[in-house]
Amino acid sequence: TCCKLPSGSWGCCPVTHAVCCSDGKHCCPEGYMCDTSGGTCTKSTSIVPMKSAVCCNDGEHCCPEGYTCDTGAGTCIKSTSIVPMLTKQPSITKRVENVVCPGGSSMCPSGNTCCKLASGEWGCCPQVNAVCCSDHEHCCPHGYTCNTNAGTCTRSTSIVPMLTKQPSITKEIGDVICPDSESECPDKNTCCKLSSGDYGCCPQVKAVCCSDHEHCCPEGYTCDTNAGTCTRSTSIVPMLTKQPSITKRVENVVCPGGSSMCPSGNTCCKLASGEWGCC
């Protein structure tokens, strides 16, 4: 591997895809980190938690926040800082009976995928990581493409019938889990983004989140942020003020779809298989 020397010229490291050390004199095998003070190459066997990691497009690696993936070199780059890529670890399949749909108020049986229905409600497709079709009635297995005109799912030469979505189950009790999977609101509330980027709670079921990121309106109403009101036809009511959400008291991060999770402080990243991995 070509590595820069202190002189600025190029030197040669006798290892393929080596890591060039910052002292300009040494190098380490791929996947190892340079410890120039100790004159050694180290490789951690533990999972390095990265809460806001960058998921690399090779489906296998990730980088710390603020770094750019260089999949050819197997490194993460930020300005003059170069560190080895991190390898994603498989996520943990949740040992639960139901998949919680986005918004937290609906759920589907284990092994299903939440898909929007024409009504705007969530329906359940009886496949893991299914493809939700644009007609809002059907879905296809993972890796297939919806052909709504023919009512089929296609992948290369394989053609199978479309699956029909089933109604989701309304959660009976408990808190509403926000889309970031880290915040929750009381039952019968709606998660709305605050100006800080965090989630707040609107004390209405299926509320409308206003664009000022401070207020919300009941379902079916339109926000009038200038007047501070919610309007529907001739009905005008005062806007509701969002309340801060509660950080979930859990040790795991729930991945999109609700059927996989990663340890607290990790980031869910898609693997090449289509499953979720943990960075």
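**View A. Asn 189 in its loop.** In this predicted model, Asn 189 belongs to the loop that connects β28 (183–185) and β29 (190–193).

**View B. The salt bridge between Glu 121 and Lys 206.** How many salt bridges does a search of the whole structure find? The search finds one. Glu 121 pairs with Lys 206, and their closest N and O atoms are 2.6 Å apart. Are the two partners buried or partly exposed? Glu 121 is partly exposed, at 32% relative accessibility, and Lys 206 is also partly exposed, at 39%.

**View C. The backbone at Lys 206 and Ser 156.** Stay with Lys 206 for a moment and look at its backbone: phi is positive, about 55°, although Lys 206 is not a glycine. Its loop runs between β30 (199–202) and β31 (208–209). Ser 156 also has a positive phi of about 55° without being a glycine. You will find Ser 156 in the loop between β22 (152–155) and β23 (158–161). With 74% relative accessibility, Ser 156 counts as exposed, because the cut-off for exposed is over 50%.

**View D. The open sheet β21-β22-β23.** Three strands make up this open sheet, in the order β21-β22-β23, with antiparallel pairing. The edges are held by β21 (145–147) and β23, each with a single partner strand, so one side of each has no neighbour in the sheet. From one strand to the next, the twist averages 30°. Between β22 and β23, which run antiparallel, there are four bridges. To find your place along this pairing, look for Thr 152, which stands opposite Pro 161 in β23.

**View E. Lys 116 over Trp 122.** Here a charge meets a ring: the charged end of Lys 116 sits over the ring of Trp 122, 5.2 Å from the ring centre.

View F. Strand β9 (residues 68–70) pairs with strand β10 (residues 75–78) in the antiparallel sense, over three bridges. Asp 70 has Thr 75 in β10 as its bridge partner. These two strands form a hairpin with four residues between them, and Gly 74 in the turn has a positive phi of about 75°. The chain then continues into a hairpin of β10 and β11 with two residues between the strands, where Ser 79 in the turn has a positive phi of about 55°. The antiparallel pairing of β10 with strand β11 (residues 81–84) covers four bridges. Ile 77 stands opposite Ile 82 in β11.

**View G. The surroundings of Thr 75.** Thr 75 lies in strand β10 and is buried, with a relative accessible area of 8%. Leaving out residues up to four places away in sequence, Thr 75 touches Cys 63, Thr 68, Cys 69, Asp 70, Ile 82, Val 83, Pro 84 and Met 85. From C-alpha to C-alpha, Thr 75 and Gly 31 are 8.8 Å apart in space, with a separation of 44 residues in sequence.

View H. Strand β33 (residues 222–224) runs antiparallel to strand β34 (residues 229–232), and three bridges join them. Asp 224 has Thr 229 in β34 as its bridge partner. Their hairpin has four residues between the strands, and Gly 228 takes a positive phi near 70° there. Next, β34 pairs with strand β35 (residues 235–238), again in the antiparallel sense, over four bridges. In this pairing, Ser 235 in β35 is the bridge partner of Arg 232. The hairpin of β34 and β35 has two residues between the strands, and Ser 233 takes a positive phi near 55°.

How values were computed. Residues are numbered from 1 along each chain as its sequence is written. This is a predicted model: local features need pLDDT of at least 70, side-chain atom pairs count only at pLDDT 80 or more; totals for chains, interfaces and linings use all residues. Side-chain values use heavy atoms; hydrogens and water are left out. Two strands pair if DSSP finds at least two bridges between them. Buried means under 20% relative accessible area, exposed over 50%, partly exposed in between (1.4 Å probe, protein chains only). A salt bridge is a side-chain nitrogen of Lys or Arg within 4 Å of a carboxyl oxygen of Asp or Glu. Axes are lines fitted to C-alpha atoms, for helices over the stretch in contact, and angles run from 0 to 180 degrees between N-to-C directions. A charge sits over a ring if NZ of Lys or CZ of Arg is within 6 Å of the ring centre and within 35 degrees of the ring normal. Contact means heavy atoms within 4.5 Å.
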